[in-house]
Amino acid sequence: MNKIKLIILREYLTRVKKKSFVVMTILGPILFAALMIVPAWLASMEDTDIKNIAVIDESGVFINKIESTDYLKFEYITDKTVNDIRHNFKESGYYAVLQIMPSITYEPSAVHLYSSKQPGFAVKSYIAGTMEKELRNQKLRAQGIDEDVLKSIKSDVSIRTIQWDEDGEDKESSTEIAMAVGYIGGFMIYFFIFMFGAQVMRGVIEEKTSRIVEIIVSSARPFQLLMGKIVGVAMVGLTQFLLWIVLTLLIITGVKTVMFPNLGTKNAQEVVAQDLFEQQNVVPAENIPAQDMNELTSILNAAKSVDFGVLIGSFIFFFLGGYLLYGSLFAAIGAAVDNETDTQQFMLPITIPLIFGMIVMMNAVQTPESPIAFWFSIIPFTSPIVMMVRIPFGVPYWELALSMALLVLTFIGTTWMAGKIYRTGILMYGKKVNYKELWKWLRYKF
Amino acid sequence: MEILKAINVEKKFVNHLALDNVSISIPENSIYGLLGPNGAGKTTLIRIINRITAPDKGEVIFNGRPMKADDVSLIGYLPEERGLYKKMKVGEQALYLAQLKGLSKRDALKKLKLWFEKFEIQAWWDKKVEELSKGMAQKVQFITTILHEPKLLIFDEPFSGFDPINANMLKQEILDQKKNGATIIFSTHNMGSVEELCDHITLINKSRNILEGQIDNIRKQYKSNTYEISFNGDPEKFASSLNNHYEIIEKTKINGHQGVKVKLLHQTNENELLSLIIPAVEVLSFNEVIPSMNDVFIKVVQEYKN
């Protein structure tokens with residue numbers, strides 16, 4: 001069998017068989033699934049107890065104005081004072097007593113809610129909300145603006161974005177979906193580079209400190225060992241991602257059918273979508289519940305407008321390109337040091353472009369056409385992260401091609417460089433290495 | 001015929017010349033000692049032979065033709081600093097290393113079984129390397145070095161870390177390998193084992209090859225006309241019997257008797273010496289002192305310094 005294949009296989013199997021890999025693979029989907037299921041579960045856990053609330057309106061402004069809901073029943077009491085109820089509150093059967101004082105029109109704190117328990121937030125915000133609305137309406141009326149005018153003033157704008165393709169055909173699109181897709185793609189690449197790049201580095205250090213490396217390089221070429229390790233670890237990463245996705249989907253469908261048989265698919269999607277937007281803080285969260293189902297489905301339909309062929313293709317390309325570029329650098333660092341604590345000084349030049357990429361990515365998600373987004377999506381050290389958020393918004397093919405070509409060239413360059421450092425470094429022990437030393441190594445002939 | 005020849009090999013690191021015009025030639029089916037002080041360039045030479053690094057100048061001839069990359073599968077190398085993957089199981093690891101040397105999985109498995117039986121370590125197959133003692137790991141390492149039946153074996157300080165019993169076993173294995181036709185390059189500081197095992201040696205000092213040849217010839221070449229004599233009688237009488245052609249360089253005890261080392265200075269020979277001392281004392285033994293490799297080593301390196 002080919003030596004590089006053997007090396008890849010060993011790197012892959014030893015990692016996949018590790019306990020930590022198995023634990024991570026199982027824990028990951030449970031966490032992801034929890035992230036998606038818990039909000040849905042909480043939503044379904046709404047308080048369904050009927051609560052009676054006595055309203056003692058001393059101002060007379062709110063009589064019958066606070067409407068009862070399915071679970072909150074308001075009872076307007078005129079023949080009792082707060083003190084009358086206070087002493088036999090338990091027997092009265094009320095959940096709470098709402099006292100509105102006459103000064104309410106000019107003093108916001110003139111409302112008291114008495115209860116034997118701490119009233120829930122939902123109760124409190126419902127009461128405050130309706131009272132605020134009522135007060136505002138009354139004040140507007142006092143200014144001579146009637147309710148119909150008020151209604152006609154209330155406006156709502158919702159922009160439907162339509163992309164024109166090259167032939168001028170309409171294509172439904174959604175900025176939000178584009179943002180979400182790009183953001184997730186870019187972040188996954190960032191995460192993958194860091195997590196598995198560090199694994200490559202640790203693997204190299206392990207071989208060096210255990211002194212097996214000299215035996216291996218007397219059988220296989222150092223470059224074969226380097227590439228075998230990088231590719232093997234990449235396959236571990238891909239396996240892990242694949243398992244995560246499959247297991248997460250399995251858990252979600254499983255839990256959904258067992259626990260919420262009546263929870264429609266759309267509902268779950270809504271919750272997920274809502275979750276996503278809330279986290280991004282892109283769309284004000286309160287807009288979402290107001291959105292009706294049609295609008296939501298139109299968003300989901302718009303998801304189809306993203307060119308998934310290009311998107312998935314570029315994702316795989318940048319995912320692997322970025323990882324290979326940084327993976328070889330991580331390996332070079334591992335070869336240059338004797339133990340993990342010495343890696344700090346060399347980690348900085350690798351970490352900085354990645355973090356830059358991350359910062360620019362967050363910016364590019366809002367303004368994908370800005371010069372800074374453009375340049376950082378061309379420069380190979382940040383392009384895998386930044387380009388990913390630009391692609392869903394549509395990127396000219398020449399830019400994509402340029403970025404990819406540069407990435408490949410740089411990858412070849414860094415791998416060549418890393419290979420040289422690696423070759424010298426793996427057989428060098430007990431030497432404090434600095435950048436000057438690394439420069440020397442680059443000029444060694446083999 | 002030589003299995004390996006290095007011709008005018010030079011290797012330079014940025015501001016340090018590691019090997020300066022070094023040539024060695026290793027006869028087939030011999031045990032070849034590679035000697036030299038620390039930092040002399042032995043490891044660099046070994047790495048060049050293993051194709052871990054390439055020489056700047058000169059060439060390496062293997063089996064009568066310039067060495068190729070594939071030739072490493074005909075070499076077994078046990079480096080001085082050795083180790084195995086700590087988290088990997090012994091059997092798995094041995095199998096991996098054997099396959100890297102070009103054995104098929106089936107052959108490797110078959111051969112490993114034999115060797116594990118021979119060394120009585122079958123029970124270690126599924127143990128992780130980190131559970132083994134240092135000596136145990138060395139045995140595993142030795143097996144992986146010779147498993148693919150290499151034509152050329154390179155051992156760098158093979159006895160370090162072995163207890164005397166295991167060291168002896170290792171010595172036997174090395175001799176067995178030679179018997180089976182392998183050539184062995186043997187780098188060590190242990191001159192005792194050099195005398196015991198090696199046929200040829202080369203001494204590398206300060207990046208240069210300063211001494212090369214058959215070990216017996218070298219030792220004869222460095223003998224200093226010194227004789228060791230043990231006798232019964234009065235040491236004073238012994239001393240006074242000698243004239244100024246002789247010098248007593250050391251007084252010792254040999255098997256409970258008086259002993260001296262006498263150096264013959266010039267215009268004399270061992271017969272004359274005997275004729276002088278026989279009347280004075282009762283001579284029990286009379287031997288020419290052949291310098292040990294240890295003496296040769298120290299002498300040559302010291303001379304080179306001056």
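Colleague: Let's start with one residue: where is B:Lys179 placed?

Modeller: B:Lys179 sits in helix α5 of chain B, which covers residues 164-179. Helices here are DSSP runs of H or I with at least four residues, strands are runs of E with at least two, and both are numbered from the N terminus. A word on the model itself: it is predicted, so local features need pLDDT of at least 70 and side-chain atom pairs count only at pLDDT 80 or more, while totals for chains, interfaces and linings use all residues. Residues are numbered from 1 along each chain as its sequence is written, and chains are lettered from A and ligands numbered from 1 in the order in which they are written.

Colleague: Does B:Lys179 count as buried or exposed, and why?

Modeller: You count C-beta atoms, placed from the backbone, within 10 Å of the residue's own: 20 or more others means buried, 12 or fewer means exposed, and in between is partly exposed. B:Lys179 has 9 C-beta neighbours inside 10 Å, so B:Lys179 is exposed. Across chain B, 36% of the 306 residues are buried.

Colleague: How many residues along the chain lie between B:Lys179 and B:Asn29, and what separates their C-alpha atoms?

Modeller: They are 150 residues apart along the chain, yet 8.0 Å separates their C-alpha atoms. For chain B as a whole, take contacts (C-beta atoms, placed from the backbone, within 7 Å) between residues at least 6 apart in sequence: 71% of them join residues at least 24 apart.

Colleague: Now the strands. How many bridges join β1 to β2 in chain B?

Modeller: Strands pair if DSSP finds at least two bridges between them. In chain B, β1 (residues 2-13) and β2 (residues 16-27) run antiparallel and share eight bridges, with B:Lys5 partnered by B:Ser25 in β2(B). A hairpin of two residues links β1(B) to β2(B). β1(B) also pairs antiparallel with β4 (residues 57-62) of chain B, over five bridges. There, B:Ile7 is the bridge partner of B:Glu59, and B:Ala6 that of B:Val60.

Colleague: In what order do the four strands of that open sheet in chain B come?

Modeller: The order is β2-β1-β4-β5, with antiparallel pairing. β2 and β5 (65-66) of chain B are the edges, each pairing on one side only.

Colleague: What is the pairing in the open sheet of chain A?

Modeller: The pairing is mixed, and the four strands run β2-β1-β3-β4. The edges are β2 (72-76) and β4 (111-114) of chain A. Strand β1 (residues 51-57) of chain A pairs in the parallel sense with β3 (residues 96-100) of chain A, over five bridges.

Colleague: Stepping back, how many helices and strands does chain B have?

Modeller: Chain B has 10 helices and 14 strands. Its radius of gyration, over C-alpha atoms, is 24 Å, well over the 19 Å from the globule rule for 306 residues, so chain B is more spread out than a compact globule. The rule is 2.2 Å times the number of residues to the power 0.38. Along the principal axes, the C-alpha atoms of chain B fill a box of roughly 75 × 45 × 35 Å.

Colleague: Which domains is chain B divided into?

Modeller: Domain 1 (2-86 + 147-220) and domain 2 (224-289), with bounds from an automatic or database domain assignment. Their centres, taken over C-alpha atoms, are 41 Å apart.

Colleague: And how many residues of each chain are in contact with the other?

Modeller: 18 residues of chain A are in contact with 22 of chain B. On chain A's side, α1 (3-16) and α8 (213-217) each supply at least two residues.

How values were computed:
Two residues are in contact if their C-beta atoms, placed from the backbone, lie within 7 Å.
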